[in-house]
Amino acid sequence: MAATETPDLESRLQGQDHQTHQALRLWLRMLSCTTRVEAVIRKRLAQDFATTLPRFDLLAQLERHPQGLSMRELSQRLMVTGGNITGITDQLEAEGLVLRAPHPSDRRSFSVKLTPQGRRQFKRMASTHEQWVLELLGGWNAEQQAQVHGLLAELKTHLGALDAAGQDLTPPKPRAKDRTSKR
């Protein structure tokens with residue numbers, strides 16, 4: 001590691017392995033890997049498409065819901081404030097990638113849909129994004145990927161059971177500060 005490079009959370013535990021609980025080490029390893037993969041994807045989205053991860057995520061939600069989503073639904077799905085969604089939607093609408101229209105069943109709300117141009121642009125980005133993910137997770141063969149996927153599915157089920165048992169595992173409400181600036 002270069003002298004100017006900041007160690008990640010996991011590497012700071014080196015030398016403390018005998019005192020550190022396995023679950024904590026596992027959590028830090030997952031966090032470290034997630035952070036590194038996300039950083040690469042953010043950088044490539046900016047370089048290759050002049051866009052951000054929050055914009056990509058919003059377009060992905062709309063691509064999955066061709067009938068459109070309300071601003072509130074987008075905010076809930078992306079776990080950010082309505083103000084963040086409004087700002088991103090304004091940008092994408094100005095670029096002709098999304099269309100905002102009155103919500104069909106709620107006159108106080110808007111529905112956001114991809115435009116044909118937005119659908120084409122997202123498909124290009126999604127195809128490239130898929131290749132990046134294949135490359136970044138290419139350190140595992142198909143069997144290893146399936147094994148990790150299965151283990152994480154078990155963890156997700158466990159977390160759901162804890163949540164159902166009344167242990168508050170729901171994410172906190174988004175703060176007014178732009179959470180998407182980190183995405």
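The following legends describe close-up views of a predicted model of one protein.

**Figure 1**
The protein contains six helices and three strands. Of its 183 residues, 27% count as buried. Among contacts between residues at least 6 apart in sequence, 53% join residues that are at least 24 apart.

**Figure 1. The crossing of helix H1 and helix H2.**
Two packed helices are described by the angle between their axes and by the distance between the axes. Helix H1 comprises residues 22-49 and helix H2 comprises residues 53-64; their axes come within 9 Å and cross at roughly 90 degrees. Angles of 65 to 115 degrees count as roughly perpendicular, and H1 and H2 are therefore roughly perpendicular to each other. On the H1 side, the contact is made by Glu38, Ile41, Arg42 and Leu45, while H2 contributes Leu53, Pro54 and Phe56. Sorted by class, the residues of this contact are five nonpolar and two charged, with no polar residue.

**Figure 2. The length of helix H4 and its following residue.**
Helix H4 is formed by the 13 residues 82-94. The expected span of a helix is 1.5 Å times one less than its number of residues, so H4 should span 18 Å. The C-alpha atoms at the ends of H4 are 18 Å apart, which agrees with this expectation. H4 is followed by Gly96, which has a positive phi, near 80 degrees.

**Figure 3. The buried and exposed sides of helix H4.**
Which residues of H4 are buried? They are Asn84, Ile85, Ile88, Thr89 and Leu92. These residues cover an arc of only 125 degrees around the axis, which puts them on the same side of H4. On the other side of H4, Gly83 and Ala94 are exposed. The buried residues of H4 pack against H2, helix H3 (71-78), strand S2 (98-102) and strand S3 (110-114).

Is Thr128 buried, exposed or partly exposed? Residues between the limits of 20% for buried and 50% for exposed count as partly exposed; Thr128 has a relative accessible area of 25% and is therefore partly exposed. Thr128 and Asp48 are 80 residues apart along the chain, and their C-alpha atoms are separated by 9.2 Å.

Key. Residues numbered from 1 in each chain as written. Predicted model: local features only at pLDDT ≥ 70, side-chain atom pairs only at ≥ 80, totals over all residues. Heavy atoms only, no water. Axes fitted to C-alpha atoms, helices over the stretch in contact; angles between N-to-C directions. Helix = DSSP H or I, 4+ residues; strand = E, 2+ residues; numbered from the N terminus. Parallel < 35°, antiparallel > 145°, perpendicular 65-115°, else oblique. Contact = heavy atoms within 4.5 Å. Nonpolar A, V, L, I, M, F, W, Y, C, P; charged D, E, K, R; others polar. Buried < 20%, exposed > 50% of the residue type's maximum accessible area, 1.4 Å probe, protein only. Arc of directions from axis to C-beta.
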